[in-house]
Amino acid sequence: MTTRDRSDACPGAVQTHRAADGQLARVRVPGGLLSADQVRVLAACAAELADGALELTSRGNLQLRGLADHAPPELARRLSAAGLLPSEAHETARNVVASVLSGRTDDGLLDVRPVVRAFDAGLVADPVLAALPGRFLVTVDDGRGDVHGLGADVALRAVSTTAVELTLAGVATDLTAPVEHAHSLALAAAHAFLAEREAQQSQAWRVSELDDGPRTLTDRLVRDERGPAGSPEERTDALAAPGGRPLAAVSSGGRPGAQPPLVVAPAGAVPQTDGLVALVGLVPLGRLTGPVLEVLVQVTAALGSEVQVTPWRSVVVPDLPDEFVDDVATALHHGGLVFDAASPWAQVTACAGLPGCAKSRADVRADAARAVATGTLPVVGPQHWAGCERRCGRPAGSTDVLATGRGYEIGAG
Ligand code: SF4
């Protein structure tokens with residue numbers, strides 16, 4: 001079991017990280033969902049304050065690199081005005097990944113977007129939850145199973161069109177909630193983590209780092225008189241065991257709750273249930289550069305639509321009328337997005353490497369791009385190129401391609 005002796009140092013938009021190429025800021029995007037206005041603001045921040053690109057992270061968040069030392073306050077001001085920084089105190093705690101295209105295709109059982117919004121609102125309204133570590137992850141899966149295997153600390157998964165089930169650090173509990181109380185269940189689980197961490201006098205960043213974390217948190221959820229927010233009646237409704245057993249009888253079943261992670265991103269045109277079309281584009285090396293950002297700004301402004309960033313370094317442009325799909329796809333492709341799921345880019349991720357990270361032994365992005373261009377990838381299947389053993393941003397299930405200073409070493413994955 002990992003033992004921590006310090007708080008995590010995950011960067012945020014205010015609490016930036018000093019990298020070799022300047023300040024690095026990470027912007028949390030709960031559920032990966034960005035409005036047209038937020039896309040416009042982020043693209044302008046990238047162009048005017050950073051190195052021109054937005055980087056996608058393995059948790060569906062965004063990073064800006066190369067910020068001047070004086071830029072973070074201006075970045076925070078712009079993000080705050082656009083609703084991307086609702087609470088400075090909670091900025092690194094808002095790590096929520098949600099099913100991609102939820103509510104737009106019929107692969108899921110329900111639309112989890114309202115759950116994400118309610119959870120995020122509850123999080124930033126609660127001063128206690130500002131203490132959640134930056135590594136603490138919440139996933140909300142609509143039943144399609146795309147994000148449930150991402151190794152979240154608190155994972156909600158739809159089990160019917162009206163209910164979700166709670167999994168803690170990969171262990172399924174017997175706790176379920178009606179979908180209208182799903183956010184309260186996740187908030188209660190986050191509280192239980194902080195309370196148990198204090199009880200164990202631990203500095204754990206993740207539920208799995210606590211002694212018997214999933215079981216102790218489940219026990220707390222069952223017995224904690226606080227329960228999820230709301231009236232006593234609501235609390236009774238919010239937590240329920242399958243089959244309507246009384247709350248006091250609920251206990252952790254200890255069943256494995258995780259499923260294999262999805263390591264290869266879907267890509268291409270996806271028909272929505274409302275007759276519109278979503279384009280899912282892979283973002284090579286996770287960098288959304290100026291030309292693509294320009295198209296995203298234009299399209300979302302024209303249609304008043306959203307963009308969803310995914311944990312697989314791809315972006316979704318939904319709600320496209322059929323007659324616009326080809327033109328938008330062509331423009332995005334010219335900007336650098338890839339719509340072919342069979343492309344090698346669907347298999348390749350990389351850390352920042354040189355010159356952005358002083359710890360790196362190589363310019364891993366340039367080397368990975370060269371290997372893709374020349375058809376000389378050193379391994380078949382999902383692979384993560386990294387400049388040192390920290391392997392930042394490595395998706396679960398990927399094979400390591402690790403810089404040694406003399407070349408690359410292939411890891412077991
Ligand atoms: S894996 Fe190592 S080289 Fe790559 S970004 Fe992380 S610390 Fe830097």
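How many bridges join strand β13 to strand β16, and which way do the two strands run? Five bridges link β13 (residues 277-282) with β16 (residues 314-320), and the two run antiparallel. Welcome to a short tour of this predicted model, in which local features need pLDDT of at least 70, side-chain atom pairs count only at pLDDT 80 or more, and totals for chains, interfaces and linings use all residues. Residues are numbered from 1 along each chain as its sequence is written, and side-chain values use heavy atoms, with hydrogens and water left out.

**View 1. An open sheet of five strands.** The order is β3-β15-β16-β13-β12, with antiparallel pairing. Strands here are DSSP runs of E with at least two residues, helices are runs of H or I with at least four, and both are numbered from the N terminus; two strands pair if DSSP finds at least two bridges between them. β3 (33-34) and β12 (268-271) are at the edges with a single partner strand each, so one side of each has no neighbour in the sheet. Within the sheet, valine 280 stands opposite valine 316 of β16.

**View 2. Helix α7 packs on the sheet.** Here α7 (residues 290-303) touches β15 (307-309) and β16, where contact means heavy atoms within 4.5 Å. The directions of α7 and β16 make about 30°; axes are lines fitted to C-alpha atoms, for helices over the stretch in contact, and angles run from 0 to 180 degrees between N-to-C directions.

**View 3. Helices α7 and α8 side by side.** α7 packs with α8 (residues 322-335) at about 155°, and their axes are 7 Å apart. That makes the two helices roughly antiparallel, a label for angles over 145 degrees. Residues of α7 including Val292, Val295 and Leu296 meet residues of α8 including Phe324, Val328 and Leu332. By class, this contact has 10 nonpolar, one polar and no charged residues; Ala, Val, Leu, Ile, Met, Phe, Trp, Tyr, Cys and Pro count as nonpolar, Asp, Glu, Lys and Arg as charged, and the others, Gly among them, as polar.

**View 4. The surroundings of the ligand.** Among the residues around the ligand are Cys351, Cys357, Lys359, Arg390 and Cys392, each with a heavy atom within 4 Å of it. The shell has five nonpolar, two polar and three charged residues.

View 5. Most peptide bonds are trans. Look for proline 355 in the loop between β17 (348-350) and α9 (364-373).

Conventions:
Parallel < 35°, antiparallel > 145°, perpendicular 65-115°, else oblique.
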